[in-house]
Amino acid sequence: MKKIVLSLLCIGGFLYAKENIHSVVPLAESLKISADMMNKELPVMVDAELRHDKVEIDGNTMILKFTLVNFTKKEMNANRLKSLIEADIRKNVCDDVDSQMMLKKGMQVVYDYVDKNNQHITQFHYDTATCGLKPRRKIKVDDVNMVKRQKK
């Protein structure tokens with residue numbers, strides 16, 4: 001199972017889109033572009049136990065779908081899976097500078113796991129709150145005027 005954790009850290013989820021598209025197009029659209037790019041490479045075996053199947057977008061939420069190919073839900077229940085990998089996934093998502101930027105723009109990330117029989121096991125959700133980040137607030141005209149006044 002440790003291989004799963006290490007492999008997940010290498011995936012980097014939604015960071016496959018290396019061009020900085022996220023700064024020039026709306027969030028939902030940039031997520032769709034990123035998901036389309038990722039899905040061209042999927043499915044892929046992350047290691048002997050985990051397959052990254054696909055990426056889905058639901059509004060501002062990126063859902064990364066995984067299958068535990070050697071386990072049933074009974075063998076790998078939600079609590080066991082969480083105890084094995086959730087802290088490392090959280091660190092990967094929440095500590096990455098590019099991820100933080102996207103989360104602050106309103107993106108949410110979901111890691112979704114099913115067993116070898118396609119039975120749902122669990123999901124891990126990440127957003128600004130779960131990562132302890134402050135959402136990026138929109139700049140208002142009053143803010144710009146205040147900055148201009150301070151420069152005088």
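Author: Begin with a hairpin. This is a predicted model. β1 and β2 form a hairpin, with four residues between them.

Reader: In which sense do β1 and β2 pair?

Author: The general idea comes first. Strands of a sheet pair through backbone hydrogen bonds, either parallel or antiparallel. Here β1 and β2 are antiparallel, over two bridges. V44 has H52 in β2 as its bridge partner.

Reader: How many bridges pair β2 with β3?

Author: Eight, again in the antiparallel sense. This pair is a hairpin too, with two residues between the strands. G59 sits in the turn and has a positive phi of about 65°. D58 has T61 in β3 as its bridge partner.

Reader: Do β3 and β4 run parallel or antiparallel?

Author: Parallel, joined by seven bridges. T61 stands opposite Q108 in β4.

Reader: What is the strand order of the whole sheet?

Author: β1-β2-β3-β4-β5, in an open sheet with mixed pairing. The edge strands, β1 and β5, each pair on one side only.

Reader: Which strands does helix α2 touch?

Author: β2 and β3. The direction of α2 makes about 155° with that of β2. Helix α3 lies across β3, β4 and β5, at about 25° to β5.

Definitions and conventions: Residues numbered from 1 in each chain as written. Predicted model: local features only at pLDDT ≥ 70, side-chain atom pairs only at ≥ 80, totals over all residues. Heavy atoms only, no water. Pairing = 2+ DSSP bridges. Contact = heavy atoms within 4.5 Å. Axes fitted to C-alpha atoms, helices over the stretch in contact; angles between N-to-C directions.
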